[in-house]
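Please have a look at it first, and then I will take it piece by piece.

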Amino acid sequence: MLRMTGMTPALGVALAALLGLTTLATCTTDSNNTGPVDTCDPTVRRANLPCEDDAEVTRALQILRAMSLEEKVQQMSGPTYNPNNMFDQQTNERLGIPGFLFMDGPRGVRWYNSDYGTTVFPVAAARASTWNLELERKIGKACAKEMRYVGRHILLAPTINQVMHPRWGRAQESYGEDTLLLGTMGAAFIHGAQYDPKVADPADPGTAVEDTYRIQACAKHFVANNIEDTRIHVNAVLDERTLREVYLPHFKKAVDAGVSCVMASYNRVNGSYACYSQETVRDILKTEWKYQGWVVSDWFAKGNTLTSPAAGLDIEMPFSSGSFPSIFESEYFYGLSLVTAVGSGLVSEDLIDEAVLRILYAKVHNGILDHDPAWTPWLTKSEASQELALQAAREGMVLLKNGPDARSLADDVLPLDASALSKIAVIGKFANSENMGDKGSSDAKVVDGELVTTPFEGIRDAFSGDTVTYMEVAGHEADLADADVIVVVAAYFYADLARSSSGEEGEWKDRVSMNLPQRDLTNIADAVALKSTHPNLKVVVVMKSGASIVVKDWVAGADALLMSWYAGMKEGTALAEILFGDVNPSGKVCQSFPVNESDLPVFDNTNKGDVVYDYYHGYRWLDKEGIAAQYAFGYGLSYTTFEYANLSVAESTIGADGTLSVTVDVKNAGDVAGSEVVELYVGYANTGVDDAWGRPVKDLKAFARVEDIAPNETRTVTLTVDASDLAYWDTGAEAWKVEKMAYELFVGPSSDASDPNMLTGSFTVN
Ligand code: BGC
């Protein structure tokens, strides 16, 4: 019988102790008379767990051996659907095994409680635009601390889906359009989120504690989940190279980072729903990559009683008694259906054992079985996390334009000289309200509204002049006319799952176009029109969105342009610091900003059938088509300028298992300190690959964020690339292959090969 009732973990620990289910040596007999266990048995092998004498594997195996079929299947099933407990797996009372307690999500812990809120970080698109891996690790860790504080186990983050197109509604949740940036950012978050609380962290001294459990991150959504409007129907069709080279490498990085959980997505991939895809889950993730963790379905995603266990889906969330919201066309497939299928021989119990061993091992390894909830969490305040949110907002905002297009520092409009201004007008529908991104599963909320600073509040609090006024719309010439500066905050409105028709981008809601909403275009036009009668007026446009925007029709009239993304709870503070020059912007866009939407491949978000994924998107597409971007992937300005020189390659020829080492000098040629992101791209002009895709013009292979370079200071930056990272997927050989040839090298401040600072070179792999 499946048990649906709860029990306290403390009771569970006590029961487990009574049953002798504590750490045991390999091949011993437990007190439940389940016989000796062999940690090299086929179940352990199938779960990719260590075969050697491993106390945690032994313990998990001991528990598995003590379980009935119903108890095993219970581990694989979420709660009966109920809007209030859809994140809580059931506890096994007899054996004292707590169920997993899940919680979203990617921009902070999604937990509402009247006593405390959690930290709302800038969305992942903003954090990726910092290119700061150590900051992302700390943010992952800060989320994990808050998860422990609210008593959950599984953090449903990071989202590491490709931003195949900027109109994808969930682009904000992910780290951009490049697989290296996506994968390294995701891995950094995972390292932080899965930190071991017992181990001292030099970057976070004094935080090691005893007697606690470890949070598990969940990389999602596996795989080819890049369209919202049709997400539960669409069949993403990918040829092998496109799948392997463009849509999977960042998931491989998450696996290599030791991610505990992978979430299988709603969509179909090459004909099968992701929750029963033999190709992606069983063959690639579990067999080829030797993934040791467990796979959970996205909530209510379509699975199958017979084929999901075979494909390697370990947990169905939530398991249902049948009452689903009508928008989901799911039916439950684990729970009693699975017990019956095993009983009648349609599903092998070996598959059940593998799944349950993975789950039990995760519970043992991460301390869930031994966690005493009576232990008081040490985290009671989150000021340190809010400081990280502020830092990410500062570093993730991208200065796209500053003064005339032909830029010289002397003509810069930003930073503003507050002492020379008397009035600033801040306009925009969301200039003075909490608009921190999607209101779907990635929603995270600050309970204490006082902790949030809106753009208007940030500017008002920082400005020492006479007045800062705020209005939703322009058209108030009388109010605006005496302003020295108009800051137009042009913002998309998030989509709320329950009200998706009112939202403009978010979960379940793709954007309808890449233009700004009409209300913002009107505001910009009205503000710019005033310049004809007020020649000293400056118009600064601040864009808030999760993805790139087409600006060509109005950007000439703007004196400065900033991309703020959804910059989290401290957005207003960071924005004001940048506008007034207390912080020098250093962000670089994690997505290409094309001149026209038609410069990109077509985004098909209406077709519920086959959608063929192209090998090219983003900057790789623009490069291949020879189309210049408005703002290239990796682009962003600073209040200083940098000069790149002396590109040097340690060894110009390396072996296929060697590592390329490159140095470049970066000089701060202005008069304020600044941080610079140095990017390394490799080009494939000499490729011999002549299939339909060939090879890209170039792609990102390394980057480094160089902090605080003083005026006139030169830093030598070293970047490395393993030759194995240059491989393409050889479809005929079904293997990765590194071409032995001369490669081009591009090292500079963005992906724009025409940037005067772009240095070029070459090296050979033989
Ligand atoms: C989303 C997931 C999320 C889950 C639970 C789904 O709709 O796609 O990202 O983790 O809900 O909230």
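This is a predicted model: local features need pLDDT of at least 70, side-chain atom pairs count only at pLDDT 80 or more; totals for chains, interfaces and linings use all residues.

Let me begin with Asp104, where a polar side-chain atom lies 2.5 Å from an oxygen atom of the ligand, a polar contact being a pair of N or O atoms within 3.5 Å, where within protein one must be able to donate a hydrogen and the other to accept it, and residues adjacent in sequence count only if both atoms are side-chain atoms. Residues are numbered from 1 along each chain as its sequence is written, and side-chain values use heavy atoms, with hydrogens and water left out.

Returning to the ligand, a polar side-chain atom of Glu507 lies 2.7 Å from one of its oxygen atoms, and in the side chain of Lys220 an N or O atom is 2.9 Å from an oxygen atom of the ligand. How much of the ligand does the protein bury? Taken alone the ligand exposes 310 Å², and the protein buries 96% of that, with areas from the Shrake-Rupley method and a 1.4 Å probe, where for residues only the protein chains shown count as cover. There are 14 residues around the ligand, and Asp104, His221, Tyr266, Asp298 and Glu507 come nearest; a residue is near a molecule or strand if one of its heavy atoms lies within 4 Å of it.

Now to the chain as a whole, whose secondary structure comes to 19 helices and 25 strands; helices (H or I, at least four residues) and strands (E, at least two) are DSSP runs, numbered from the N terminus. Of its 766 residues, 62% are buried, where buried means under 20% relative accessible area, exposed over 50%, and partly exposed in between, with a 1.4 Å probe and protein chains only.

Let me turn to the strands, starting with an open sheet of five that has mixed pairing and runs in the order β17-β25-β24-β19-β20; two strands pair if DSSP finds at least two bridges between them. Since β17 (653-654) and β20 (698-709) stand at the edges with a single partner strand each, one side of each is left without a neighbour in the sheet. The pairing of β17 with β25 (residues 759-765) is parallel, over two bridges, and here Ile654 stands opposite Val765.

Elsewhere, β5 (residues 261-264) pairs in the parallel sense with β8 over four bridges, with Cys261 opposite Trp294 in β8. In β8 (residues 294-297), Trp294 and Val296 point one way, Val295 and Ser297 the other way, and all are buried.

Finally, two single residues. Val664, in strand β18 (residues 659-668), counts as buried at 1% relative accessibility. Val664 and Val678 are 14 residues apart along the chain, and their C-alpha atoms are separated by 9.0 Å. Val678 is also among the residues in contact with Val664, as are Tyr644 and Leu759, contact meaning heavy atoms within 4.5 Å.

Technical notes. Lists of a residue's contacts leave out its neighbours within four places in sequence.
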